[in-house]
Amino acid sequence: MKKALVVDDTKNIRTLLGIYLKLNNFEVLMATNGHEALSLIDTEPVDLIFLDIKMPEISGTEVLKRIRTKGITAPVVIMTAFATVKNAVDCTKLGAITYLQKPFTTDKIKTILAELTTEDDTSDKNIEHQIITIKYLINENNLEKALDTLKVVLSTDPSIPEIYELMSIVYSRQGELKKSKIFHNMSEQWK
């Protein structure tokens, strides 16, 4: 059974999402703030995260940043009553898959779940999402996590030139220039 994490400081939102996700065969974990969410994520692997942007202490954007730094690539749906272009851009760069504008209906949740369940792990959208996460990890100099994620994507689909180029970058930053050159050449062959 897939696990979903719902992070929101409003009880009604957690309840609505929790019931709907359970009806759609998800095991549901709940967090009322960013600290709880990060603690849960450290102990429980999750397949989907619904994350409120505006929360006390740690914002949803900061939680998303920390999730990605840990190398967690689960799809994240951002929930907000205050959608701004800056928030949308920031969260999209961190790999959020969509926005859920508050107040929302179960029809909107149904649409999001339908989009997610029609994709399998090898879909183009999931690979694009993983590439965004990898670039973020490289930017944060979390090279080991980036390399681990790159190897997973490579085993899923070895025909993506960008993966070889990103591996070349990681190896170069690690000082392994021979490996870096090999992967750079492989990226050129796939183009």
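**Helix packing and ring pairs**

Colleague: In this predicted model, are H2 and H3 roughly parallel or roughly antiparallel to each other?

Modeller: The axes of helix H2 (residues 34-43) and helix H3 (residues 60-69) come within 10 Å and cross at roughly 15 degrees. Angles under 35 degrees fall in one class, and those over 145 in the opposite one. H2 and H3 are therefore roughly parallel.

Colleague: Which residues in H3 meet H2?

Modeller: The crossing of the two helices, H2 and H3, is right-handed. From H2, the contact takes in Gly34, Ala37, Leu38 and Ile41; on the H3 side are Val63, Arg66 and Ile67.

Colleague: How many residues in the contact of H2 with H3 are nonpolar?

Modeller: The contact of H2 with H3 holds one polar and one charged residue. The nonpolar residues in this contact number five.

Colleague: How many aromatic pairs are there, and which residues do ring pairs link into a cluster?

Modeller: The count comes to two aromatic pairs. The rings of Tyr164 and Phe183 have centres 6.3 Å apart and planes at 25 degrees, so this pair is stacked. For Tyr171 and Phe183 the centres are 5.5 Å apart and the planes at 25 degrees, so this pair is stacked. The cluster linked by ring pairs is made of Tyr164, Tyr171 and Phe183.

Colleague: How many residues apart in sequence are the parts tied together by Tyr164 and Phe183?

Modeller: Tyr164 lies in helix H8 (residues 161-173) and Phe183 in helix H9 (residues 177-190). The pair therefore ties together parts whose separation in sequence, in residues, is 19.

Colleague: Is Phe183 buried or exposed, and what is its relative accessible area?

Modeller: Buried means under 20% relative accessible area. Phe183 is buried, with a value of 14%.

Definitions and conventions: Residues are numbered from 1 along each chain as its sequence is written. This is a predicted model: local features need pLDDT of at least 70, side-chain atom pairs count only at pLDDT 80 or more; totals for chains, interfaces and linings use all residues. Side-chain values use heavy atoms; hydrogens and water are left out. Axes are lines fitted to C-alpha atoms, for helices over the stretch in contact, and angles run from 0 to 180 degrees between N-to-C directions. Helices (H or I, at least four residues) and strands (E, at least two) are DSSP runs, numbered from the N terminus. Angles under 35 degrees count as roughly parallel, over 145 as roughly antiparallel, 65 to 115 as roughly perpendicular and the rest as oblique. A crossing is left-handed if the near helix is turned anticlockwise from the far one by less than a right angle, and right-handed if clockwise. Contact means heavy atoms within 4.5 Å. Ala, Val, Leu, Ile, Met, Phe, Trp, Tyr, Cys and Pro count as nonpolar, Asp, Glu, Lys and Arg as charged, and the others, Gly among them, as polar. Rings of Phe, Tyr and Trp (its six-membered ring) pair if their centres lie within 6.5 Å; planes under 30 degrees apart count as stacked, over 60 as edge-to-face and the rest as tilted. Buried means under 20% relative accessible area, exposed over 50%, partly exposed in between (1.4 Å probe, protein chains only).
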